[in-house]
Amino acid sequence: MQAKKEEILKAHAYRRAIKEFEPEQKIKDEDFEFILEVGRRSPSSFGWEPWKFVVVQNSDLREKLSEPSWGAQKQLASASHFVILLARKGDEMRVGSDYLKYKSQVVDKLPADIEQMKNDFFKNFMENEFDLTDDRKIFDWACKQVYLPFANMMTAAAQIGIDSCPIEGFDRAKVEAILAEEGVVDTHKLGVAAMVAFGYKKEDSPFPQSRFPMEEVVEWLR
């Protein structure tokens with residue numbers, strides 16, 4: 001148990017936001033499938049999994065994305081694998097939508113009474129408890145869900161010696177327009193939440209990892 005704890009903490013201490021990768025050093029297919037599987041198995045509020053992962057390996061598309069993705073210039077050019085994480089938009093996440101019906105009935109195979117009970121709880125949660133009452137609020141909430149697999153994939157990568165970089169430096173509307181033009185995304189249903197690059201770092205970061213001390217982060221109420 002202690003060895004496992006040390007292994008996990010070592011991975012977290014190892015991880016950095018890598019600005020440039022070794023372009024010739026590629027992640028093995030089975031290793032990247034493992035990273036994606038960790039993302040796929042991540043938890044989500046109400047188990048809705050309001051996400052989709054687009055792995056952009058096409059060099060022409062990466063070049064197109066480079067202009068509106070100011071925070072991913074070097075990563076798009078050098079990463080072994082580049083992932084755009086999408087979140088479901090307003091109508092997709094409202095009770096009665098085709099997406100929620102598909103998730104409940106086909107993926108989860110819920111009995112009709114359980115599906116109805118879940119929908120009632122979710123509707124109350126949206127309208128009365130979390131004030132998810134307009135499209136932007138719903139999309140922002142879905143984006144928060146996406147950050148669960150987002151973080152889990154980077155941690156899983158670090159545990160097997162693969163580097164990564166989380167990216168929010170992009171013009172969302174322009175990136176979505178490019179993806180829509182390429183036929184990759186229906187922007188009525190999905191929007192860009194974040195990006196993440198994976199690969200092997202070109203050089204070590206000159207800056208040590210820095211975090212607040214535990215006593216400034218955690219407050220115990222005993």
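A salt bridge here is a side-chain nitrogen of Lys or Arg within 4 Å of a carboxyl oxygen of Asp or Glu. The model is predicted, with local features needing pLDDT of at least 70 and side-chain atom pairs counting only at pLDDT 80 or more, while totals for chains, interfaces and linings use all residues. Residues are numbered from 1 along each chain as its sequence is written, and side-chain values use heavy atoms, leaving out hydrogens and water.

Going by that rule, the count comes to 15 salt bridges. One of them pairs E182 with K64, whose closest N and O atoms sit 2.5 Å apart. E182 lies in the loop between α8 (172–181) and β4 (190–199) and K64 in helix α3 (residues 59–66), so this pair ties together parts that are 118 residues apart in sequence. (Helices are DSSP runs of H or I with at least four residues, strands are runs of E with at least two, and both are numbered from the N terminus.) E182 is partly exposed at 35% relative accessibility, and K64 is partly exposed too, at 41%. On this scale, buried means under 20% relative accessible area, exposed means over 50%, and partly exposed is in between (1.4 Å probe, protein chains only).

Another pair stays inside one helix. D140 bridges to R136, with 2.9 Å between the closest N and O atoms. Both belong to helix α7 (residues 135–159), where being 4 residues apart separates them by about one helical turn. D140 counts as partly exposed, at 32%.

Within it, R41 and E37 bring their closest N and O atoms to 2.6 Å. R41 is exposed at 63%, whereas E37 is partly exposed at 28%.
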